[in-house]
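Reader: I would like to learn how to read a model like this one. Please give me the general idea for each feature and then the case at hand.

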Amino acid sequence: MTNSLQGLWNKKKAIALVASVTLLAACETNQPQATTPASPGNVTTEQVANQTEALIGKTVTVRSEPVQKISDTTFTISDEQFFGNENILVVNTSGKPFVLPENTEVQVTGQVAKLVVADVNRDYNLGLDPNLYVEYEGQPVIYAQSIALAPEPGQITQNPSRYYGQTLAVTGEVEDIVDVNSFTLDEDRLLGAEDLLVINANPKAAVNDGETVAVTGVLRPFVVAEIERDYDLTWDLDLQRKLEAEYSQKPVLVADGVYPSAIPEAAK
């Protein structure tokens, strides 16, 4: 091969090598970073405890009955059905006060981390007393961005006044599809309790009979005229009369979100 041809060949190889390196660098730059929170996922407290390293930095949703209040902004949760499962600390970083309920589960959505009290006080200005968190330091924690009461449908229908005006996260099986904007959640756990009516003014997708869904929304008394007025529904007269006869002044959960099978069975 002549010197001129050899030089041309070497030049082409060099250009190809630079192009390959540039492409590889671009691909690596576009890869998601390990610290980027993942899409919200539904887990149990057992998973948070046993798979902490895999969940760190990820946003999760956990449903559990509170175990112990530690301060106005912290409490612990645990899955009772998992024998020996450790308690998981929840730190309310939402900026909204939350009063822990008795005998009612809560739904917590937030980022998993390992607790460093100094970092919490610096990042969220919560003024946590380090002496109260000695046993939790370095252990898994959920920095909660939102916390909602998560009662069973029957708990709501048996004592609706306890929940009126509150944002709830309710999981249940679709029992009766009334129309495109309304359905009921089945209550099969509490003897004598009634199913819960759900109004979904802006459905993103249809629900199916027997499907397990999680519904977030605000509870209010069912008054046909007020519901139609406030949510611009177009019920015909027959449906209005049917709903009024069956649900007048009973609780209705006005949904802002309906999510298929959002909570794992183990966490219910």
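**Reading the model**

Author: Asn103 sits in the loop that runs between strand 5 (88-92) and strand 6 (106-114); helices (H or I, at least four residues) and strands (E, at least two) are DSSP runs numbered from the N terminus. This is a predicted model, in which local features need pLDDT of at least 70, side-chain atom pairs count only at pLDDT 80 or more, and totals for chains, interfaces and linings use all residues. Residues are numbered from 1 along each chain as its sequence is written, and side-chain values use heavy atoms, with hydrogens and water left out.

Reader: What is the phi of Asn103?

Author: Most residues other than glycine have a negative phi. Asn103 is not a glycine, yet its phi is positive, about 60°. Asp232 is another non-glycine with a positive phi, about 55°. Asp232 is found in the loop between helix 6 (224-231) and helix 7 (237-247).

Reader: Is Asp232 buried or exposed?

Author: Buried means under 20% relative accessible area, exposed means over 50%, and partly exposed lies in between (1.4 Å probe, protein chains only). Asp232 is exposed because its relative accessible area is 67%. Asn103 has 59%, so Asn103 is exposed as well. Glu46, in helix 2 (residues 45-50), has 27% relative accessibility and therefore counts as partly exposed.

Reader: How many residues does the protein chain have, and what percentage of them count as buried?

Author: The protein chain has 268 residues, of which 42% count as buried. Its secondary structure consists of seven helices and twelve strands.

Reader: Where does Arg220 lie, and which side chains make polar contacts with its side chain?

Author: A polar contact is a pair of N or O atoms within 3.5 Å; within protein, one must be able to donate a hydrogen and the other to accept it, and residues adjacent in sequence count only if both atoms are side-chain atoms. Arg220 belongs to strand 11 (residues 212-221). With a relative accessible area of 17%, Arg220 is buried. Its side chain makes a polar contact with the side chain of Asp230 at 3.0 Å and another with that of Tyr231 at 3.4 Å.

Reader: Which residues does Arg220 touch, not counting residues up to four places away in sequence?

Author: Contact means heavy atoms within 4.5 Å. On that basis, and with residues up to four places away not counted, Arg220 touches Tyr164, Glu226, Ile227, Asp230, Tyr231, Lys250, Pro251, Val252 and Val254.

Reader: Which residues touch the most other members of the largest nonpolar core?

Author: A nonpolar core is a set of buried Ala, Val, Leu, Ile, Met, Phe, Trp, Tyr and Cys residues joined through side-chain atoms within 4.5 Å. The largest one has 33 residues, and Phe183 and Val215 touch the most other members. Strand 7 (residues 140-149) supplies the largest share of this core, four residues. Apart from it lies another core of 14 residues, among them Ala201, Val224, Leu243 and Val254.

Reader: Where is the pLDDT below 50?

Author: pLDDT is the predictor's confidence in each residue, from 0 to 100. The protein chain averages 82, and 78% of the residues score at least 70. Over residues 1-40 the pLDDT is below 50, and this stretch has 13 contacts in the model beyond near neighbours in sequence. Residues 264-268 also stay under 50, with 17 contacts beyond four places in sequence. Where pLDDT is low, the predicted coordinates should not be read in detail.
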